[in-house]
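Colleague: Please walk me through the terms behind this model. I want each label set against its definition.

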Amino acid sequence: MTNDSDFESKAGSIPPQTRGTVVARRIRNWAARQLPSWIDTANTKQSRAYYREKDVERIPASIPSSNQNVSLKQVFAAEFYTPAHAEQLFSGFKKLGWDSARTSPFRTSSEEWATRSRKNSGGMWLNLGTIVPPGSKQNRGVATSELPEGFSAARAEFLSVSPSLSCIIVTFESTSQMEARYEEIARSSVGTRLLRIERGHSITPPGENKRRMIAESREGFRSDILKWFKSNLPGAFSASGNLELFPTGELLFVDGFRNGDEKVPSLWRNYLGLDYGTGHWESSNVAGLMFAHPVSHDENQKGHSVIYAERSELRRTENALFGGDGDEAYLNRLSIELPGFVGHWGLSALLRLYQEELSVVRDGSSSARSVDAATAIERLQRVTSNSIDISLFSAELPDAFPFMLWSNCDFTTQQDGMESISLAAASRQSSMDLLERLGKSDRAIRDLLVQQGNLISAMEGVRTQRNMSKLTVIMTALTVVILLLTALMAVPVVFPKAFQADITSESE
């Protein structure tokens, strides 16, 4: 941030000014404070001129070398379904035409197959086929649905992780415009931006602006994909609306990243967020394929990862079975392994989603005085639903891990002086640790809510007793009044002669 009074230290000394110029400057500064979106202060105006001169050098320096290219080929997204989401899952199957053998791919009812898979031990996989926008050329078994902006088609796959947990991984194919989006941003002539703030302005250089623009692009298509799941195949993440942890991954094909000792050029490393995480994971069976996570400090992109492959490295591998060289052939090969990898990698994000849900309930249950009985029951029902899922996860996932279908798509990393670490093993251990913590937190919060319910019940009992005491006093008073009135009304009946004599004497 730069204060208006500090500009002279950056732009050099200000020449002597006449009294009229000083008055005009003060009027402009006052007007700028009243209308900051329309009028710049004098110093901000000079700052813009100063940085425009600097951008003559900075803008070319922020553009990557012409032999370094990035193509956004695909975006993977994983959604999970517990017993609580089974009804929405099968409704989504019906909406996309996967509920009968006549309309689903491979002449089999995908809904029936998915139902059967939930009765087995897990590890089952089914290709659900292709999804295209309405109006596209269709083959038999192709589903139609409006796709998020920037994607021309999608492929869906069903993965049965365990009897009570299923996953659908959708691979969204980029349009030519989406594929070139990062390139357009990185090679644009975006200059330094000055944003007016209180008593000054913030300065964002060209490189940082490009990094933010790529981050905004990611947040945009991730949000659109989450909305697509909510409309078509709603599950745990789309039901909660949690974009932060939503497990997604983008596949990039790159050129010129492996020149010399530098594996990723510094400009692209900054723009793509590849310098944010703890390091790069290299594929154990596909040369040139890398995995990076996390790729941003932005809270809304916790669940996003980047998988990128150097084209020159891919050409060194035998790929005749999948069509030889070329992007389509490489995508054919990677489509066998990457979707399942993204689904299993996203398991830890699912467990963190439940952890955050428990934290919200815990924080809302800290004060019993501000909670009525209906709210306490609602929270207890919410925790009970989550507890069922957590209990099933704890019982099933340890046995399901050995059957997970990503054994041929693992990544490793190596720190100085340490043995290589497997991403599959690290993710499995992370999930097991999360399961253990979830179980403990779940039990503690259930006990807390039960105690809170007992306390609220006791408070309601005391309140009811007080109300009953007040009603008893009121009823007693009413009874006395009624007795008095009854006694007064009974006098003419019990003592008619005396009552008649009184009336006669009054008339005389």
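This is a predicted model: local features need pLDDT of at least 70, side-chain atom pairs count only at pLDDT 80 or more; totals for chains, interfaces and linings use all residues.

Modeller: Residues are numbered from 1 along each chain as its sequence is written, and side-chain values use heavy atoms, with hydrogens and water left out.

Colleague: Why is helix α13 called largely enclosed by the rest of the structure?

Modeller: Buried means under 20% relative accessible area (1.4 Å probe, protein chains only). Eight of the eight residues of α13 (residues 338-345) are buried, so the label holds. Among them are Phe341, His344 and Trp345. Helices here are DSSP runs of H or I, at least four residues; strands are runs of E, at least two.

Colleague: What makes a nonpolar core?

Modeller: Buried Ala, Val, Leu, Ile, Met, Phe, Trp, Tyr and Cys residues, joined through side-chain atoms within 4.5 Å. The largest such core has 94 residues, and Phe93, Phe341 and Leu350 touch the most other members. Strand β2 (residues 69-81) gives the largest share, eight residues.

Colleague: What makes β4 and β14 edge strands?

Modeller: Strands pair if DSSP finds at least two bridges between them. The open, mixed sheet has 11 strands. β4 (143-144) and β14 (421-422) each pair on one side only, the mark of the edge strands.

Colleague: How do you know that β11 and β12 pair?

Modeller: Four bridges join β11 (residues 289-292) to β12 (residues 304-310), and the two run antiparallel. In one of these bridges, Leu289 has Ala309 of β12 as its partner.

Note on methods. Buried means under 20% relative accessible area, exposed over 50%, partly exposed in between (1.4 Å probe, protein chains only).
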